[in-house]
Amino acid sequence: MERIQNYIDGRLAAPVSGTYLDNVNPATGAVYSLIPDSDAADVEAAVGAAARAFPVWSLSSPAERFRIMNRIADLIEADLEAFALAETIDTGKPLSVSRSVDIPRAVANFRFFATAAMQFGSEAHPMAGQAINYTLRQPIGTVGCISPWNLPLYLFTWKIAPALATGNCIVSKPSEVTPMTAYLLAKVCIAAGLPAGVLNIVHGLGPKAGQAIVAHPGIKAISFTGGTNTGRHIAATTAPLFKKLSLELGGKNPNLVFADCDFDQALTGAVRAGFSNNGQICLCGSRLYVQRPIYEKFRDALVHRVAALKVGDPLAADTDLGALVSKPHFEKVLGYVALAREEGGRILCGGEPVQVPGAGGWFLSPAVIENLGADCRTVREEIFGPVLTLQPFDTEEEALELANGTEYGLAATVWTQDVSRAHRVAERLQNGIVWVNCWMLRDLRTPFGGVKNSGVGREGGWEAMRFFTEAKNVCVNWG
Ligand code: NAD
C-alpha cells in the first residue's frame, strides 16, 4: 500500500517515529494509503530546515519567486488529471468538480500570488521639509500553514502561495483526512526546483503534528483554516507567544431571498449555495430565508430541484453529490438530521443514507428542512453537510435579524432586484463577505474572511501579502 511521505528539507521523508495512519477512500470505506503519524520530532526537523533556507529565500528576487511559483503551477496543470483523481479519492467529491474547480483554483493561487510578488510595493510618507518615512514590508521568517479537508489543495495553496511570494519559509500541515494532493504537491515542488527547506509539509494529526507547529517558538505566524473550536484552541496557544495569527473558521451562512428577486436565478443560486460539495464549504448558504409572498412557490420548486440531485459514484460523470468525507462526519451530519426532527423540523426531502451500487462509503441524500425556529441548534450550529434549513420572513428588518442571529459571520447572500435594498442590506449584514445575486463568485484580489466566530484576519490579494510580512517604518530626518 502506498505510504505518503513528509516533505522536509527538500526531500520526501518517513516520519521519525516510523508510524502511519490509515487513509480512507470515503466512497468505498476502504483504506487505500497510509499517512505519516508525525509528531514534534518531524516538526523540529522542518523548522530547522526552514530556518536554514530563510536567509537565501528571503533575499531572492521577486522575479525568481515568480519563476518558481509559475513552474509549480505549470507542473500541477500538466498533471491535472492525477491531482483531480487523488482529490476525488481522498474527499469523495465528484471528479468533475475536482477537475474543473478545485485543482484549477490551486493552479490559479500559485499564478496569482506569483504575480503579486512582482507587484507588491510599499508606501512612503514625506514630512514636508523635514523627513521621509518609508515602509519596509519584510518576510516574517518561518510561518505555519494549517488547512482543512473540504477543499484540500485549493485551501492549502491559498496560504502557501502568498507565504512563498513574500519570501517566507513554511512549515505546513494539510488535513490528515485528505493528505494525498499535498503529497503530490511535494513531488511537484522538488521537480520545480524549489530550494530545499523553503516549503516543508508535515502530515499527521491535529493535536499532535498540528499542535507542535502552533506551539513551536521558531514559527512566528500561523495561518489556519478549520473549525471554530480548533481556532479557539490555537488562539489560546499562540497568544502568550505573540504569534501573528489568521483564523478562517466555521460558518452558518444566511441566504436571503426577497420577493422582488429574479426567481429562477435565486432558486439556482440557493441550490448551489446549499449543496455544492455536499454542503461541505465554509461559504455554503445553509440557512435559507424566503420572503412570505413567494415562500410556498419557492419552497416547492426548491424541493423539486434538490430531490433531483443525483447522489452517486464520485467517478461517474453524471454525479452531482458524491460521498461525505468520512464516517465520523457522516454520522455527525445524520445526528443533526435526527436533532432537527426532535426540534420539530419538517423534513421536506432527503436526510437518508443512500446505498450507491458498488460503493460501500458514506452517501447521504440532500435534505431541506422547514419549521425550525431561530433558537434551534440545527439553525444556529454549523452542520457542514447537505442539510438546508428554510424559514419564511416578512420584512427586511426581520430578514436582517434572522441573518445576524448566529455566532458566525462568514458570508451572506442576498437575492433582490431592488438596488437600494441590496446596498442597504449588505451594509447591515454582520459578515465578512456579502454576495448580491450570486454565490461564491470569487475574485482573488478581494479580502476574504469572517467576523464573530468565523475568524479574525483576512486572506486574499494584498491582505494576504501584508499578513505574511512585517511592516517596518524607516524615518529619515534631513531637517
Ligand atoms: P479542524 O479544525 O478539525 O481541522 C483543520 C486542521 O487543523 C486540520 O489540518 C487538523 O489536523 C488541524 N488541527 C486540529 N487540531 C489542531 C491543533 N490542536 N493544533 C493545530 N492544528 C490542529 O477542521 P476540519 O474538520 O478539517 O474542517 C472543517 C471546518 O473548517 C469547518 O468548520 C469549516 O467551516 C472550516 N472551514 C473554514 C473556511 C474559511 O475560509 N473560513 C474554509 C474551509 C473550511
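Predicted model: local features only at pLDDT ≥ 70, side-chain atom pairs only at ≥ 80, totals over all residues.
I started with helix 7, which gives the most to the shell around the ligand, four residues. Helices here are DSSP runs (H or I) of at least four residues and strands are E runs of at least two, numbered from the N terminus.

Numbering runs from 1 along each chain as its sequence is written, and side-chain values use heavy atoms, with hydrogens and water left out.

Next I looked up the neighbours. I found 30 residues around the ligand, with Lys173, Glu176, Thr230, Leu249 and Glu382 the closest; "near" takes a heavy atom within 4 Å.

Which domains give residues to the shell? I see that domain 1 (2-249 + 466-477) and domain 2 (254-431) both do, so the ligand lies between them. The bounds come from an automatic or database domain assignment.

Then I checked polar atoms. A polar side-chain atom of glutamate 382 is 2.5 Å from a ligand oxygen. A polar backbone atom of leucine 249 lies 2.7 Å from a ligand nitrogen, and one of serine 147 lies 2.8 Å from a ligand oxygen.

Conventions:
Polar contact = N/O pair within 3.5 Å; in protein donor to acceptor, adjacent residues only side chain to side chain.
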